[in-house]
Amino acid sequence: TFGGAPIAGARSFKLQATTDRTDLQAGEPVTLKVTLNGEGNIRGVSSPDLTTLEGFKVYESQSNETSKARSARIFGEKVWEFVLVPTTGGVAEIPSIHLSTFDPKKRSYETMTTPAIPVTVK
């Protein structure tokens, strides 16, 4: 789940999670990259809270953010990278990551979810 305040003025965002590999040994690290991009102000978005990932030790390694204005609209991208170390064999997936944003047009909150990422830990 993403922590922090909802994104004010969010209009059109895409949330994606990828890994550098899916086959690994217990104790061997895998890099998880979480990307949020699209139209709206993403500056107030906090790092995803991955402390509850069962079966993994989680280390945040880096993050970066870019924003630009175009035709009186703001576009941006925020990328977080985490190093995950499986603590046991048999882990079947990296769970879904969720992010809630406020859509001013609909005047309601919407939640984006990434698919779980299947992994094989031997």
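K78 counts as buried because its relative accessibility is 9%, where buried means under 20% relative accessible area, exposed over 50% and partly exposed in between (1.4 Å probe, protein chains only). The model is predicted: local features need pLDDT of at least 70, side-chain atom pairs count only at pLDDT 80 or more, and totals for chains, interfaces and linings use all residues. Residues are numbered from 1 along each chain as its sequence is written, and side-chain values use heavy atoms, without hydrogens or water.

**Surroundings of K78**
- K78 is part of strand β7, residues 73-86; strands are DSSP runs (E, at least two residues) numbered from the N terminus.
- The side chains of K78 and E65 are joined by a polar contact of 3.2 Å (a pair of N or O atoms within 3.5 Å; within protein, one must be able to donate a hydrogen and the other to accept it, and residues adjacent in sequence count only if both atoms are side-chain atoms).
- Leaving aside residues up to four places away in sequence, K78 touches V34, T35, L36, I42, R43, V45, N64 and E65 (heavy atoms within 4.5 Å).

**Sheet**
- Four strands, in the order β2-β4-β7-β6, form an open sheet with antiparallel pairing (at least two DSSP bridges between paired strands).
- β2 (12-19) and β6 (56-70) are the edge strands, each with a single partner, so one side of each has no neighbour in the sheet.
- β2 and β4 (residues 30-39) run antiparallel and are joined by 8 bridges; Q16 has T35 in β4 as its bridge partner.
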